[in-house]
Amino acid sequence: MKLYQRDTSLYSYKVRLLLALLQVPHETVAVKRLPDGRNDVDAAYLKLNPRGQIPTLDDDGFVLWGSTAILTYIALRHDPARRWLPPDPQGAAEVGQWMELAQNEVRTGLFLSRAISRFGYSGGLEAAQAKGQIALELLEGRLRERGWLVGEGPTLADLACFPEVALTEGVEFSLAAFPGVRSWLQGIRGLDRFVPPDDPKA
Ligand SMILES: N[C@@H](CCC(=O)N[C@@H](CS)C(=O)NCC(=O)O)C(=O)O
């Protein structure tokens, strides 16, 4: 299994974290970032991923792009106990629901606030901060009374939302009013074989 990725890419990190937690043997291939933010990719890479993005997974010729799809595939392939993607329809659908949040408010709010203020990404900081606040409120609404987003243990939903919250905690966003989110972060950091996200400006 080969993962095209970059250490500082949070979408790549989510996949690396799942691979580490499940102890799946794999190889990583580093994709460089160009000054304009795009990836330094050639025609061969664009055949694997026509969007030119990372992460991309190549599992013995089966090629997949998009972190949500990749996480789902790895869980279905390497977690026969279905701990990370519950087998019941409601549990699986709820995981999808929180992965949807990860691709939307978590990205356009938490991640973008960090990217605009620290890395010079273009975009409106105030609008991103407002969306980030919404992401935190949605997460807190779920996590105030429970340890994990879905069911009784960690799932792909938690991994998909984790790094953007973790890296903005105490920097772009205060978590003082979000005790459920704070203890959820600790729960994820306490998982066996947990690896932390790379923070280039830490
Ligand atoms: N929704 C995609 C987003 C992937 C993404 O935006 N990757 C960034 C790096 S974290 C990228 O490749 N950016 C360069 C570009 O879009 O050209 C996913 O979940 O994998």
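In the hairpin formed by strand 3 and strand 4, which has two residues between the strands, Asp 60 takes a positive phi near 55°. The model is a predicted one, in which local features need pLDDT of at least 70 and side-chain atom pairs count only at pLDDT 80 or more, while totals for chains, interfaces and linings use all residues. Residues are numbered from 1 along each chain as its sequence is written. Helices (H or I, at least four residues) and strands (E, at least two) are DSSP runs, numbered from the N terminus.

Four strands form an open sheet of mixed pairing, in the order 2-1-3-4, where two strands pair if DSSP finds at least two bridges between them. The edges are taken by strand 2 (27-30) and strand 4, each of which has a single partner strand, so one side of each is left without a neighbour in the sheet. On average, and with direction ignored, neighbouring strands of this sheet are turned by 20° against each other.

In general, strands of a sheet pair through backbone hydrogen bonds, either parallel or antiparallel. Strand 1 (residues 2-5) and strand 2 run parallel and are joined by four bridges, and Gln 5 stands opposite Ala 30 in strand 2. Strand 1 is also joined to strand 3 (residues 56-59), here in the antiparallel sense and by three bridges; Tyr 4 has Thr 56 of strand 3 as its bridge partner. Strand 3 in turn pairs with strand 4 (residues 62-65) over four bridges, again antiparallel, with Asp 58 opposite Val 63 in strand 4 and Asp 59 bridged to Phe 62 in strand 4.

**Backbone exceptions**

Most residues other than glycine have a negative phi, and most peptide bonds are trans. Against that background, Arg 82, in the loop between helix 3 and helix 4, has a positive phi near 55°. The peptide bond joining Ile 54 and Pro 55 is cis, with omega about 0°, and Pro 55 has its place in the loop between helix 2 (43-48) and strand 3.

**Helix packing**

| Helix pair | Angle | Axis separation |
|---|---|---|
| Helix 1 and helix 3 | roughly 5° | within 9 Å |
| Helix 4 and helix 5 | about 40° | 3 Å |
| Helix 5 and helix 6 | about 135° | 7 Å |

Angles under 35 degrees count as roughly parallel, over 145 as roughly antiparallel, 65 to 115 as roughly perpendicular and the rest as oblique. Helix 1 and helix 3 are therefore roughly parallel to each other. Their contact is made by Tyr 11, Lys 14, Val 15, Leu 18 and Leu 19 of helix 1 and by Ser 67, Ile 70, Leu 71, Ile 74 and Ala 75 of helix 3, two residues being in contact if their C-beta atoms, placed from the backbone, lie within 7 Å. By class, the residues of this contact of helix 1 with helix 3 divide into eight nonpolar, one polar and one charged; Ala, Val, Leu, Ile, Met, Phe, Trp, Tyr, Cys and Pro count as nonpolar, Asp, Glu, Lys and Arg as charged, and the others, Gly among them, as polar.

The angle between helix 4 (residues 89-103) and helix 5 (residues 105-119), about 40°, makes helix 4 oblique to helix 5. Leu 101, Ala 102 and Gln 103 of helix 4 meet Glu 105, Val 106 and Arg 107 of helix 5 in this contact, which has three nonpolar, one polar and two charged residues.

Helix 5 and helix 6 (residues 125-143) are likewise oblique to each other. Among the residues that make their contact are Leu 110, Leu 112 and Ile 116 of helix 5 and Ile 134, Ala 135 and Leu 138 of helix 6, and the residues of this contact divide into nine nonpolar, six polar and two charged.

**Around the ligand**

Of the 13 residues around the ligand, Ser 9, Tyr 11, Arg 38, Gln 53 and Ser 67 come nearest, a residue being near a molecule or strand if its C-beta atom, placed from the backbone, lies within 6 Å of it. Helix 1 (10-21) and helix 3 (67-78) are the elements that give two or more residues to this shell. The shell residues divide into four nonpolar, eight polar and one charged.

Methods. Axes are lines fitted to C-alpha atoms, for helices over the stretch in contact, and angles run from 0 to 180 degrees between N-to-C directions.
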